[in-house]
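Reader: Please walk me through this structure. I would like to learn how to read one feature at a time.

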Amino acid sequence: MPQTVFAPWNDPDEKPLISFQGVTKRFGDFTAIDDITLGIYAREFFALLGPSGCGKTTLMRMLGGFETPSAGTILLAGQDIAPVPPNKRAVNMMFQSYALFPHLSVWDNIAFGLRREGRDKAAIAARVEEMLKLTRLEKFSHRKPHQISGGQRQRVALARSLAKAPKLLLLDEPLGALDRKLREETQFELMDIQEKTGTTFVIVTHDQEEAMTVASRVAVMDEGRLIQVATPDRIYETPDSVYVADFIGDVNIIEASARQSGDKVSLAWAEGQLPLIATTTKTFAPDQHCWLAIRPEKIAISAERPKAANALQGRILDIAYLGNISTYHVALPSGQVLKAQTANTRRIERRSFTWEDEVWISWTDTAGVLLDK
Amino acid sequence: MRRLSWFNVTSLTLGLAFLYLPMVVLVIYSFNASKLVTVWAGFSTRWYGELLHNEAFLDAAWVTLKVAVVSSTMATVLGTMAAYVLVRAGRFYGRTLFSGMIYAPLVMPEVITGLSLLLLFIGIGLDRGIFTIILAHTTFSMCYVSVVVSSRLVSFDRALEEAALDLGCTPFAAFRLVTLPIIAPAVIAGWLLAFTLSLDDLVIASFAAGPSATTLPIKIYSAVRLGVSPEINALSTIMIAIVTIGVITASLLTKRAAVRRNAEEHAADRA
C-alpha cells in the first residue's frame, strides 16, 4: 500500500492556513519580531523553537490576538486577522500557566467557552463529556483545579482549549511545568489528540527534544528572526547554519577553509594536519571560511587506525556515562576537543577505552555538514 | 508557640490597656442602673430599653445606616474600578499622578476634606442633607477600597483574563465571569471597611450634614455637650459592637482568601 507522506509544504497547490507576511512587532525601541514571512498548513503540528526572548511567544500571541503586528499582515484562512479581537477568532490558546479558572470545577472550566457561544444545554453537556473522555478526566469533572495534580491540570487546559473545536490551537510551553517522565508521556498524548481531532497545532517551546518529538515542522528562532524552518530530521541532519546545528542536539564544530572539487571539499583545519574531506551540495569559493558540523554519534572511536575518509588520533580526556550511551571527549594534538558517542551495548566493566587512552576517531566524508554561516 | 518574656507581657498589657481601657469603661457604664454616669448602682439593661424609645436617636441611626450602605456600595464600585485601571492598564501617560491622587485622601486631614466638600456643595448650590453626606463618605472611603482591591489585583494572574477572552468573552464578560468572582473576597472586605468608616465618621459628616439629616456620631457629639447620659453609653456600645464585627469580618475574609490561595499554590507545587 503506498503511504502518502504528510508534507503540504512541498505541494505548490496547497494554501497555508496561516500566513505571516512581512510581520514585524516592536515594543518601544525593542524589535521582538523582525520581518517574518511564514506559512503554516492545516493539520500541521508546528513548533516554534528558540531560547527565551527570541520572540516565539510574541509570534504566538499575535495569532491569539493578544498582540497586534507593528507592520505586515497575518492571514488566517485567507482573512486578515489584525482587526479581529481574541474573542472573535476561531483560535484557542493553551496558556503556559494553564490559566484554569480557580472558582470553577473541571466541568465548568471546559464548558466555559461553549456557554459563551450560547449553545443549548444538551449540546454543551455532550461536548464536555466528549472532551473529558478524550483527556481521560471523567473521574475528576467535579473537582476544582487546585484539587487535581499538575498533569491533570494540563489535560483540563487542553480539553478547555479544544472544546470549541478551533481551527487552530496555540500551545504556549504546554509541558513546561511537568516533570520529565510525565512530559514524555504527555508529548505522545498530545500527538495522539492532534491526530484524532485533526486540529492545526502551533506549539511554543524552548525544549528542542520536545519540538523534535511532537512537531511535523520546526521553526528555529533567534532574536526575532526565523533561522530555519524544516522537518525535525532535516533540522537535525542538515542544519543550514552553525546556530541551528549548535542549538539542536550535541555537535562538534570545526572551523576550516574550503577547497572544493566537484561535490568533495578538502578542508584545511589545523596546521601540520592532513585536510579533512567532506561532501556538500553547496558551492564554496577557494579558501572560503567554513564550518564542519558533525554529530558525536556519527564519530566512531577505535584503538587501531580505521579505514575512513577522516581519521584523527587523540587522547581521551573525559567520559560522560549516560547509561545507554557514553560520550568520549577526545583531545586532539591541536588542542581541540571533539566528542564521540557510542552506544553501551556491552557491560561497563568490559568497556574498551578509559581515561588517558590514545585512540583514533573517525568519520566518513558524508557524516558532517559543511556550513557557510 | 514561643513563650512570652515578662518584658513582652508587660508592654503588651500596657499597650492594650492604653488602647482599650476607655472603651471598656464605656461598655461597663452602659450597663449601669443609675442615672448618674459615674456612680455604679448595679447591672441593668435599662438604658438599652430607653434607647429604643428615643425618636431622635433612632432617626439618626437610620440615617447613618442608609448613608453607610449607599456610600460604601458606591465607594466599592468606584474604588474597584480605579484599582482595576491602576493595576491593569499598565503604563499610561500620567499613571503615577493618577495613583498618587487616588491615595492622597488617605493622608489628607479630614477637616480639609470636609471643608473642601462643603465649599463645593455650596458652590454648586447643593442643599445639604443625606445626599451630600453620602457623596462625602463615598469620596473619602473610595480610596480605602481601592487600596484593598488593588493589593489583591497585583497578584492576579493576567492569563486568566486572557483565557476568558480567548474562550469568547467580551472584556466586560471576562471581568464579570472571571475577575470579579476571584477578587470577590477583597471587594467585600473593601465594602466592609468603607461601611465601618462611614458609620463612625464625625468630622466629614458634620461638614456635609444639614438641618434635614443628622448622623448618629453627630447626634452623640452634640448630646454629650449637654452632659453624658447612660443612654449614650449604651448607644456607643452598640456602635462599637457593629464596627468590631465589620472589621473582624473584613480581616477574616482577606485572611481566608490568602490562606486558600496559599493552599492552592502549595498544591500546585506538589503536583
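Author: Start with chain B, where residues 24 or more positions apart account for 78% of the contacts with a separation of 6 or more. A contact means two C-beta atoms, placed from the backbone, within 7 Å. This is a predicted model: local features need pLDDT of at least 70, side-chain atom pairs count only at pLDDT 80 or more, and totals for chains, interfaces and linings use all residues. Residues are numbered from 1 along each chain as its sequence is written, while chains are lettered from A and ligands numbered from 1 in the order in which they are written.

Reader: What is the corresponding share of contacts in chain A?

Author: In chain A, take the contacts between residues at least 6 apart in sequence; 64% of them join residues at least 24 apart.

Reader: How many helices and strands does chain B have?

Author: Helices (H or I, at least four residues) and strands (E, at least two) are DSSP runs, numbered from the N terminus. Chain B has eleven helices and zero strands. Its C-alpha atoms fill a box of roughly 70 × 60 × 30 Å along the principal axes. Chain A has eight helices and 20 strands. The box for the C-alpha atoms of chain A is roughly 80 × 50 × 50 Å, again along the principal axes.

Reader: How many residues of chain A are in contact with chain B?

Author: On the chain A side there are 20 residues, and they meet 18 residues of chain B. Strand 6 (91–94), helix 2 (106–116) and helix 4 (150–162) of chain A each supply at least two residues to that side of chain A. Helix 2 of chain A gives the most, with three residues.

Reader: How does the side of chain A that touches chain B divide by class?

Author: Ala, Val, Leu, Ile, Met, Phe, Trp, Tyr, Cys and Pro count as nonpolar, Asp, Glu, Lys and Arg as charged, and the others, Gly among them, as polar. On that basis, this side of chain A has eight nonpolar, nine polar and three charged residues.

Reader: At what angle do helix 2 and helix 3 of chain A pack?

Author: Axes are lines fitted to C-alpha atoms, for helices over the stretch in contact, and angles run from 0 to 180 degrees between N-to-C directions. Helix 2 of chain A packs on helix 3 (residues 121–134) of chain A at about 130°, with axes 10 Å apart. That makes the pair oblique. Angles under 35 degrees count as roughly parallel, over 145 as roughly antiparallel, 65 to 115 as roughly perpendicular and the rest as oblique. Helix 2 of chain A brings A:Trp107, A:Ile110, A:Ala111, A:Leu114 and A:Arg115 to the contact, and helix 3 of chain A brings A:Ile124, A:Arg127, A:Val128, A:Met131 and A:Leu132. Those residues are eight nonpolar, no polar and two charged.

Reader: How many residues of helix 1 of chain A are buried?

Author: Buried means 20 or more other C-beta atoms within 10 Å of a residue's own, exposed means 12 or fewer, and partly exposed is in between; C-beta atoms are placed from the backbone. In helix 1 (residues 56–64) of chain A, nine of nine residues are buried. Among them are A:Lys56, A:Arg61 and A:Gly64. After helix 1 of chain A comes A:Gly65, with a positive phi near 95°. Over the 373 residues of chain A, 38% count as buried. For the 271 residues of chain B, the share is 34%.

Reader: Is A:Pro296 buried or exposed?

Author: A:Pro296 counts as buried because it has 20 C-beta neighbours inside 10 Å. It sits in the loop between strand 14 (289–294) and strand 15 (300–302) of chain A. A:Gln341 is 45 residues from A:Pro296 in sequence, yet 5.1 Å away in space, C-alpha to C-alpha. Leaving out residues up to four places away in sequence, A:Pro296 touches A:Asp250, A:Asn252, A:Thr327, A:Lys339, A:Ala340 and A:Gln341.

Reader: Which residues touch the most other members of the largest nonpolar core?

Author: A nonpolar core is a set of buried Ala, Val, Leu, Ile, Met, Phe, Trp, Tyr and Cys residues joined through C-beta atoms within 7 Å. The largest one has 103 residues, and A:Ala47, A:Leu170, A:Val202 and A:Leu292 touch the most other members. Apart from it lies another core of 46 residues, among them B:Val67, B:Ile133, B:Cys143 and B:Ile183.
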